[in-house]
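Welcome! Here is a short briefing to read with the sequence and the 3D view side by side.

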Amino acid sequence: METIQINDAADATEQDKRYIIVLKVGGNELDDEAFLVGLANAVQSIRNDGAFPVIVHGGGKAIADLQKQLGLEAKFLDGLRITDEASMDVAEMVLSGLMNKRIVRTLVNAQIRAAGISGVDDGTIYVEQMWHPLGDLGRVGEIKDVDTHLVRTLIEADIVPVVSPISFGSLDALSYNVNADHAATALAAALGAIKLVFVSNVPGIMVAGRVIRAVTATQAESWIEEEIIYGGMIPKVRSALEAVRNGVAQAVITNLAGVQEDSGTGIIGGA
Ligand SMILES: Nc1ncnc2c1ncn2[C@@H]1O[C@H](COP(=O)(O)OP(=O)(O)OP(=O)(O)O)[C@@H](O)[C@H]1O
Ligand SMILES: [Mg+2]
């Protein structure tokens with residue numbers, strides 16, 4: 001992921017910086033009622049501690065399931081999913097519709113004020129088509145800019161923003177699919193968040209069956225090289241490292257239990 005130009009962080013007051021915690025929620029467990037209730041509890045604890053949570057969510061699994069049901073054939077380039085126009089429609093329906101509203105409903109039901117938006121709304125996340133040396137990945141976006149105005153407006157109104165990573169194509173005004181880890185990282189940096197927590201379906205980065213307590217960039221890259229870190233964990237660990245490089249004080253990869261126990265893999269910047 002390219003380093004993003006973040007202009008908003010400089011405008012953030014010291015108080016904003018102290019208080020915002022971005023939770024990136026993975027899509028693997030969004031169909032699990034117990035997970036959703038646990039997420040609402042985690043959001044409530046952050047609020048009780050005096051910090052303000054912002055949620056960014058994924059939903060890769062639900063998109064793949066619906067594409068299959070609709071008989072859309074999955075196409076890949078170099079292991080990366082190609083998002084053609086029909087797949088893009090499904091991605092937007094699932095992420096900005098079903099998944100987003102499922103989280104919002106859970107929070108509202110737990111008496112937490114919450115509202116769902118996507119990167120498209122108010123032009124929050126601007127992207128251009130992601131370039132790949134081997135060919136056309138379709139409507140996959142690379143983040144170019146983040147405008148935090150709408151998210152800040154919600155925070156100031158005491159409403160928890162729930163953000164779908166579908167984003168605004170700055171050159172063609174089309175919707176683009178963005179990896180939710182990338183979206184969460186860009187938003188956390190732009191908001192000057194103190195912490196970015198990747199809530200996934202694993203307790204952290206696993207090596208030889210154990211959760212690693214902390215990781216540096218050098219170590220992460222060599223584990224990627226050795227295929228100890230693969231698939232969805234690759235963009236996640238690289239995003240976490242990028243967040244720390246871009247001024248987010250703490251980045252953690254964990255699961256919901258880890259959020260409650262304060263455990264997982266911490267990211268060490270600068271090495
Ligand atoms: N070393 C590793 N330790 C732990 N998990 C790993 C490792 N290498 C690869 N993974 C895989 O990464 C997955 C997590 O990434 P994935 O993209 O599936 O989830 P997510 O990002 O939380 O959800 P979404 O992509 O929907 O936002 C794990 O389920 C696991 O299969
Ligand atoms: Mg993922």
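A polar contact is a pair of N or O atoms within 3.5 Å; within protein, one must be able to donate a hydrogen and the other to accept it, and residues adjacent in sequence count only if both atoms are side-chain atoms. With that in mind, start at the ligand: an oxygen atom of ligand 1 is 2.5 Å from an N or O atom in the side chain of K24. This is a predicted model, in which local features need pLDDT of at least 70 and side-chain atom pairs count only at pLDDT 80 or more, while totals for chains, interfaces and linings use all residues. Residues are numbered from 1 along each chain as its sequence is written, chains are lettered from A and ligands numbered from 1 in the order in which they are written, and side-chain values use heavy atoms, with hydrogens and water left out.

**Around ligand 1**

- There are 20 residues around ligand 1, and K24, S200, N201, M206 and K236 come nearest; a residue counts as near if one of its heavy atoms lies within 4 Å of the molecule or strand in question.
- The side chain of K236 has an N or O atom 2.6 Å from an oxygen atom of ligand 1.
- For the side chain of S200, the corresponding distance from an N or O atom to an oxygen atom of ligand 1 is 2.7 Å.
- On its own, ligand 1 has 640 Å² of accessible area, and the protein covers 82% of that; accessible areas come from the Shrake-Rupley method with a 1.4 Å probe, and for residues only the protein chains shown count as cover.
- The shell around ligand 1 has seven nonpolar, ten polar and three charged residues. Here Ala, Val, Leu, Ile, Met, Phe, Trp, Tyr, Cys and Pro count as nonpolar, Asp, Glu, Lys and Arg as charged, and the others, Gly among them, as polar.

**Salt bridges**

- Side chains of opposite charge can pair when their charged atoms come close.
- A salt bridge is a side-chain nitrogen of Lys or Arg within 4 Å of a carboxyl oxygen of Asp or Glu, and by this rule the count comes to nine.
- One of them joins K24 and D181, whose closest N and O atoms are 2.8 Å apart. K24 lies in strand β1 (residues 20-25) and D181 in helix α6 (residues 180-191), so this pair ties together parts that are 157 residues apart in sequence. Helices (H or I, at least four residues) and strands (E, at least two) are DSSP runs, numbered from the N terminus.
- D181 also forms a salt bridge with K236, with 3.2 Å between the closest N and O atoms. That pair links distant parts of the chain, since K236 is in helix α8 (residues 233-245), 55 residues from D181 in helix α6. Through shared partners, K24, D181 and K236 are joined into one network.
- Are these residues buried or exposed? K24 is buried, with a relative accessible area of 6%, and both D181 and K236 are buried too. Buried means under 20% relative accessible area, exposed over 50%, and partly exposed in between (1.4 Å probe, protein chains only).
- Another salt bridge brings together the side chains of D31 and K61, at 3.0 Å from N to O. D31 is exposed at 55% relative accessibility, whereas K61 is partly exposed at 34%.

**Buried residues elsewhere**

- V54 sits in strand β2 (residues 52-57) and is buried at 0% relative accessibility. Contact means heavy atoms within 4.5 Å.
- The C-alpha atoms of V54 and V162 are separated by 6.4 Å, although the two are 108 residues apart along the chain.
- L196 is found in strand β11 (residues 195-199) and counts as buried at 0% relative accessibility. Residues up to four places away in sequence aside, L196 touches V22, A184 and V252, among others.
- I166 has its place in the loop between β8 (160-164) and β9 (167-169), and I166 is buried with a relative accessible area of 0%. Beyond its neighbours within four places in sequence, the contacts of I166 include M88, L95, V120 and Y176.
- S87 lies in helix α4 (residues 85-109) and is buried, with a relative accessible area of 6%. Apart from neighbours within four places in sequence, S87 is in contact with Q67, L72 and I82.
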